[in-house]
There are 2 protein chains.
Amino acid sequence: MANTQQMANAIRALAMDAVQQANSGHPGAPMGMADMAVALWSRHLQHNPVNPHWANRDRFILSNGHGSMLIYALLHLTGYDLPLDELKNFRQLHSKTAGHPEVGITPGVETTTGPLGQGITNAVGFALAEKLLAAEFNKDKHEIVDHHTYVFLGDGCLMEGISHEACALAGAWKLNKLIALYDDNGISIDGKVAPWFIDNTPARFEAYGWNVIRDVDGHDVGAVDAAIAAAKKSADKPTLICCKTHIGKGSPNRQDTAKAHGEPLGLDEITLTREALGWTYGPFEIPADVYTDWDAKAPGAKAEAAWNDKFAAYEKAFPELAAEFKRRMAGDLPANFGEIAAKIASDAHDAGATVASRKASQLALEGLTAALPELLGGSADLTGSNLTNTKSTPALRMDDKGAVVKTEDGQIGRHINYGVREFGMAAIMNGIALHGGFIPYGGTFLTFSDYSRNAIRMAALMKQRVIHVFTHDSIGLGEDGPTHQSIEHAASLRLIPGLDVWRPADTTETAVAWTVALSHKNKPTAMLLSRQNLAYSPKSEDALDDIACGAYVLSEPKDVGLKKKAQAVIIATGSEVQLALAAQRLLAERKIAVRVVSMPSTTTFDQQDVKYKKAVLPAGLPRVAVEMGVTDFWWKYGCAAVVGIDSYGESAPAGVLFKHFGFTAENVADTVQVALQNAGK
Amino acid sequence: MANTQQMANAIRALAMDAVQQANSGHPGAPMGMADMAVALWSRHLQHNPVNPHWANRDRFILSNGHGSMLIYALLHLTGYDLPLDELKNFRQLHSKTAGHPEVGITPGVETTTGPLGQGITNAVGFALAEKLLAAEFNKDKHEIVDHHTYVFLGDGCLMEGISHEACALAGAWKLNKLIALYDDNGISIDGKVAPWFIDNTPARFEAYGWNVIRDVDGHDVGAVDAAIAAAKKSADKPTLICCKTHIGKGSPNRQDTAKAHGEPLGLDEITLTREALGWTYGPFEIPADVYTDWDAKAPGAKAEAAWNDKFAAYEKAFPELAAEFKRRMAGDLPANFGEIAAKIASDAHDAGATVASRKASQLALEGLTAALPELLGGSADLTGSNLTNTKSTPALRMDDKGAVVKTEDGQIGRHINYGVREFGMAAIMNGIALHGGFIPYGGTFLTFSDYSRNAIRMAALMKQRVIHVFTHDSIGLGEDGPTHQSIEHAASLRLIPGLDVWRPADTTETAVAWTVALSHKNKPTAMLLSRQNLAYSPKSEDALDDIACGAYVLSEPKDVGLKKKAQAVIIATGSEVQLALAAQRLLAERKIAVRVVSMPSTTTFDQQDVKYKKAVLPAGLPRVAVEMGVTDFWWKYGCAAVVGIDSYGESAPAGVLFKHFGFTAENVADTVQVALQNAGK
């Protein structure tokens, strides 16, 4: 029989010691959650430390990520490739034990947490992905997808608004295999939470349709174990287990204080804590019997082997489905994706339709969702505006018992009504992508990318293939006015490191944007799309090929009947490309020869080699950028002038606004002419 | 006796007609909420249409701002300066009837709404401001501050995460004079909400400590009236009145459908609706008796006159308090603010202390909060980190009965523990500022400005004096790692039109930043502050004066012993100013003469005249910018090179990271040298 007290104390000791060694970190949370962790990790969690990528492992998410030493201790103790030296290197450069858990750095960490509320929201995405994959792939007596998603979370996560969005959806989706353990210690950084956090959290979660298990002693391993066992029986509801705990449990002077939260205990207090816990071992010293009690390698290997047998039987019975499951979980696109992509782009080019780029996106998605069953769309209550749904993506619905409703021909729902929950949508998409098996995309208005911004950032930091469909960009949105008109958003999204941003000008550019986004296995993408119609720009085969480079020469002086070389370059994006072409024609009448560069993706263009960049933007030619957004961004391309907007928009029809804000061919042409004069050319 | 049915139909007709005329807008919400509006506006709301600025008016906030025609109809009908022509001009350029309600454009509109969830959150700020002003200024038998805050909100607001943050705080603060009416029509843009919104909203709000009045027929004026009357009796809880309504009420074919939400009914359906409602008048035609029933000018004038008498008595009894109340509500700073500001800056200069700029901020705040009782601070659960509290700002607490706890010497709480609710804090601060009487400021880590971004934008759009204290900027944060290290945030905040952004380098710059921020009556400010200590930069009297210009010459070659003129300029902000000075010294050893420009506020510097700008950044000298953030922003100053970071940070001690990312004097000096070589100088 394992000594659960010692198992928990091992976590406490490692947490104290590592934080002390780093002279930085958060000892209180791991010390408080240690017993909960013993119950979950030693009695329930299905995982194999030797293979952190086993497809059917239970997922564990530490939503209160500042308690990172909890998960590092657990990973180390149960047998993951995280040796003691890494724990001694806590929070040091290039260690596997960063200040907050980071996916991709530490084996066994499923998602990067720290920004509060997002871990539980990711977990909702994990649990949804599991449920959908199970509905799609499981067959009678062949339950190859069958795991739980467990979350630890604290008061901070529960105060954050995103927890409301995520947990309301988990209830609506009846995610019964999502089990959250609430570390209810009554302390946040500012102290005892009573004056600012009076929520009746159990009642709140019941209002969301959750199964709530109240008043569990979080330091009683047996009680937590029993609660988890009960939670696993929930057939149609996610479960919240409310565990009363003491932050900094075991520390005579820090327990139950905010001081336990975010600073080392100090050597003296560590000594006192060791005494109080009866932990007689030195710093970073774990006795062999505790290691033995924690070791999950043998049971993990056994569990995975059993699943492998199961999968082998499935593979025999359903070879195509099995292959598809493997492909999907590996995140590989279909073998013929190149052809699909080429066809979608060339079809768009051949049709040359004048449509809004949000409609162009839907047209591209029709082909892509038909060919890629892993595409899982959605919208934050703007489906008919974002045009994220297609013929191949029925709306996701659950039946009364919590099962995924299937269409008559057996398809699962593939378009999610997220409700008015932009941030929740974005962080749930991160969870879906991290789980594997789906490529999530979701829509809202570009202005409301503000609401979801930190989750977009997290996708980029975590290198996840998540695609944001942001429609109704800039003042072309029209009458809804400045609250809904993105002005600074295109530029500010481009500043997020690792995020690809596309603002396509027509159907072909939009199609290419989609295929590039999908081909980036390790990168999120934001698509910025128009509400209003955009004319198609005829383009050469070369230009067609070059769209994927992010910027390309769309039109040369000869295309408007001038025989001279370009004297200047107009760079334009999205809806302003037509304006640039009109200005080019106007300038041609004035005998001024201008090249028009369409730059649907600055982030992609910036990745090209110097040769290509110079070919598109030759040295010495004055450049004028045109984009309906803040001008600050564009100076990086050495522009002589920028036609943009540095104020808020206005409520009026789009056409009126274009004129009001100077987005006319005349103004662009005049700006180019002045730039040429200033350059003495 | 007023004909309430016709009063409601007048709203419906105006909403239909205006949306039709604009061929754009949202008729369904105003039509659904018309009866609720009759109950509130004709039987409870204390307001004077002739003076929309009456200090003690009830505040009305339309949180579901897309229903803007509701409030425009109400303002027109009750007698505000909003003639019928403005309603006919709905959603047209420069009309007073923008697509969504905008404060400052339309008399009687208290806040700009549209981005869902923020209106109810603003309302929490309004109600808090009222409660605090009442506690501060009211005297026995002299209740000069005594009004309600009413909110209409819909399903969208309730799905948004921010509603959770705001309403939890409203419960914790026992804001009994906040009364929210929920337009429960069961429809959102994607259709009947059941599959994605199953919350038991009444139970949810009871879990927050609200008084909930359930199952009110939102089309029964008497029932809504009675519910409001009951709500006004709540002594210690905010009230949610759940009104069951029909979106598009009265439209035979659109009622209860998502189609009623966001498009004109069409002329045929409008005809049918007129018939169904028994509304026999033409477009924009309101019969005289309906105008009479709605007219609130006489009762409004009477109510304000009664309050004026009350205030006159108060003024007589407490002349100083009355004068202070007037000053505070006018948003005027104390007459001696100039002296206070000068002293704080010169004290900082004289002390020349080496402290973190977050500490410098607290030092400045000590003086400012002592002198300005309108400063109302707070933090999103990071008080000890943001250092937003001072000796003059006791923590805000409510007693069991809901009264504001006062200190022994009678002071109200002036520092708010917002809990872990960044977005909620920001939008509550907007409400506080809009109410008047306080200047709110609040802190979190800079990275989490992402969470509150749209509320920061709304403050700028609404021109409100709200000050954000964003500490722990960039990689100087150290071990907490990339989730907590702002990289793109300084640059992306600067892109928000109308937001002033300061990143001060030392105590004096921080003090000046605060005094400039306070002196902007119509502008929000973001202060970006360091976790780590920053050495004081000695500066000349001229330099001291110039800080307020946003950028100034901090050091010339002669200051490092070189007799030649500057050959290049290093521009630095915040924590990098010391680095720039070190590079300048290093370059001096290499006989290269460099000027160092400290640029704490690019947004402020950009407002200066050309002469000043040229004096600081002379033409022809190569410029190198140094900032621990994305480089894209800096090219606007014509830089030859930028020392920045275009990737995410890492978890490690700050000193290690500075070296790792090239923030060394050597690297900066070398970069300047290369820039000079490239420029052929």
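In chain B, the contact between helices α5(B) and α7(B) brings Gln118(B), Ile120(B), Thr121(B) and Val124(B) of α5(B) against Ile162(B), Ala166(B), Cys167(B) and Ala170(B) of α7(B), contact meaning heavy atoms within 4.5 Å. The residues of this contact comprise 6 nonpolar, 2 polar and no charged (Ala, Val, Leu, Ile, Met, Phe, Trp, Tyr, Cys and Pro count as nonpolar, Asp, Glu, Lys and Arg as charged, and the others, Gly among them, as polar). The axes of α5 (residues 118-137) and α7 (residues 161-172) of chain B come within 9 Å and cross at roughly 20°, which makes α5(B) roughly parallel to α7(B) (angles under 35 degrees). Axes are lines fitted to C-alpha atoms, for helices over the stretch in contact, with angles from 0 to 180 degrees between N-to-C directions. Helices (H or I, at least four residues) and strands (E, at least two) are DSSP runs, numbered from the N terminus.

The model is predicted: local features need pLDDT of at least 70, and side-chain atom pairs count only at pLDDT 80 or more, whereas totals for chains, interfaces and linings use all residues. Residues are numbered from 1 along each chain as its sequence is written, chains are lettered from A in the order in which they are written, and side-chain values use heavy atoms, without hydrogens and water.

Turning to chain A, an open sheet of 6 strands runs in the order β10-β9-β11-β12-β14-β13 with parallel pairing (two strands pair if DSSP finds at least two bridges between them). β10 (415-417) and β13 (500-502) of chain A each have a single partner strand, so one side of each lacks a neighbour in the sheet.

Conventions: Parallel < 35°, antiparallel > 145°, perpendicular 65-115°, else oblique.
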